[in-house]
Amino acid sequence: MEKNVALIALFAALIAALGLIPKITLGFGVPITAQSLGVMLCGTVLGSKRGGLAVLLFLLLVAIGLPLLSGVRGGLGLFVSPSAGFLIGWPFAAFVTGWIVENGPRAPLTIVAGLASVIGCIAVMYAFGIVGLSVTLDKTLIDSTWLVTAFIPGDILKAAIAGMLTAALAKARPASVLSRNGQTKVV
Amino acid sequence: MISLTSPVKTKAHDWPAGLKLASLCAATMVLFFVEQATILAAIFAVVLIIYALPGRRFFKSGMKQLKLLWPFILMVAIWHIWTKEIELGASVILRLLSAVALANLVTMTTRLSDMIDVVRSLTRPLVRLGLKPNILELAIALVIRLTPVLVQKGTLLSEAWRARSQRKAGWRIILPFTVLALDDADQVAEALRARGGFDTIDTLENT
Amino acid sequence: MDCPDINQRPVIGSALSLTNVRYAVDDKDILSDVSIQTTSARVGVVGRNGSGKSTLARLIAGLISPTAGSIKINDHNLAKDRKAALAEIGILFQNPDHQIIFPTVEEEIFFGLRQMGHSKEMARSKTLDTLASFSKTHWAEAHISTLSQGQKHLVCLMSIIAMQPKAIILDEPFTGLDIPTKAQLNGYLARYNGSLIHISHDPNDLIDYDHVLWMEKGKIVRSGDAADVLGAYISKMNELGGLDDISDLTR
């Protein structure tokens, strides 16, 4: 039990920390915001329930007024802004991503985790995000989708990175990749 | 870690957080039903006046938060100028600004501890479903305590990378970073157990 | 194994030149008025925790830029010229867990060599050479997570020495290790024939050093030969031990 609380708290802190450490580059000098990568890792490493809870805890802290979102942002304003959909989608994204890794095929982790991140994090997150944009900017869903297409390739790249990181982690610390250890119960 | 509560003391700092949040919900809902740009402009003007009341520092701080919306505002402005629907564009922008400004107003005038109290009250019904009463507060405290520690470790790793490279740290650094977080989780769990831990009976485990 | 002692003098000492260096964060001075001119091959920096020694280490390595003043190593500005930095200086940090990036030993050593611009084949061959020179060829595919603390420290050392920098900065290395492990690591370190800039709060680490600097609250309070500076440092530290500045909150 203590282990679960500790893991959930630490991964929430991990997401926060990824928004605060010096910018990370994508190899060819392009800087990325690593925070959404953190959300993907919550799902692929901790699994659906713990991963979802970790992201939810992170959002709770942002909502109560801590500037943990990358760019030193926080507060309730974010939850009525155009980005609100994406934020609200994060815990669901982590959950779905984790679920896919837990219940998906026993294929190489790089591929499973990568695909899980694409389906879970990108598809689910963008679904929520697009609805959020529609509501706050008073646009149709189709128009909102057009607005975000530019960001999708970058996020797909992040999903691939999440896959590689998860696979590397499974080799470095096999016991910690809970999504693959059959430990789906929050025991 | 400093919260976004404003150091400028206002009367609103002492109002019950629950009341402020409920009013915010109501106000936001009203905003989304108003259509005319002129009314929205008037509402926004009132919001700006409220921000100005506690003084210059508070006002500047509030505007700084609103400025973060500029990409969206620009996008909407360009869109609506192009489709020649200026009034609609203005409505969208003003509504957005007012909603975000009001929400941030609550954040700026509510202490972290008061927010946590609201969270505790709102989650009380979940205790009946098995959520341990103090666990959420403990989790919040842990994240607040541990984020700076992880940031420091991440910065050290970033430096160690740059010490052997001509470029800034690449994505690979997230691997040792995650390992550190996992190790910290082990140590925190141990510390929690050493200080009493939780009861063995826990219905959350059975879901 | 033949472990030469640290008194075996290397061929060249790097020219270290700091002039009126100031480093401030958010208007708070961490280092001020720091000037050092030396070509000594064994430089020690001693001082209490929080005296600015680690910041000095990072400034010399070029990881951070001074707020004012200039820092040159063999006439290079390492903060601006990162390519020269990799050839001039290596830095060994305190905690290997906050330093090792890759999961296996060979990947970790390979990384720096690739970053220097070597081809994959060259980097691989230099990695194996380094492991062989430390008699650790059998470590190539070892996972870092299976190594002891002392072994991890050695991996960090090997990763730097593989890049053959002219000088190595040691920022409180080997802290917390037991006596034999520390002695063994120092033995490995002594085989390196470039200059060393060793930062420590413990004067015993610096007894054999040529030029020692004592830092206090971001300034150099004494500079000279080891016996002189360390003697004065030890008396002062003992004196402070009788006081209670641990109570002060703003440090």
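In which helix do Lys158(A) and Asp155(A) both lie, and how many residues apart are they? Both lie in helix 7 (residues 152-172) of chain A, 3 residues apart, which is about one turn of the helix; helices are DSSP runs of H or I with at least four residues, strands are runs of E with at least two, and both are numbered from the N terminus.

This is a predicted model, in which local features need pLDDT of at least 70 and side-chain atom pairs count only at pLDDT 80 or more, while totals for chains, interfaces and linings use all residues. Residues are numbered from 1 along each chain as its sequence is written, chains are lettered from A and ligands numbered from 1 in the order in which they are written, and side-chain values use heavy atoms, with hydrogens and water left out.

Over all chains, 20 salt bridges are found, each being a side-chain nitrogen of Lys or Arg within 4 Å of a carboxyl oxygen of Asp or Glu.

Lys158(A) is buried, with a relative accessible area of 8%, and Asp155(A) is buried at 9% (buried is under 20% relative accessible area, exposed over 50%, partly exposed in between, with a 1.4 Å probe and protein chains only). In the chain C pair, Asp97(C) is partly exposed at 28%, whereas Lys152(C) is buried at 11%.
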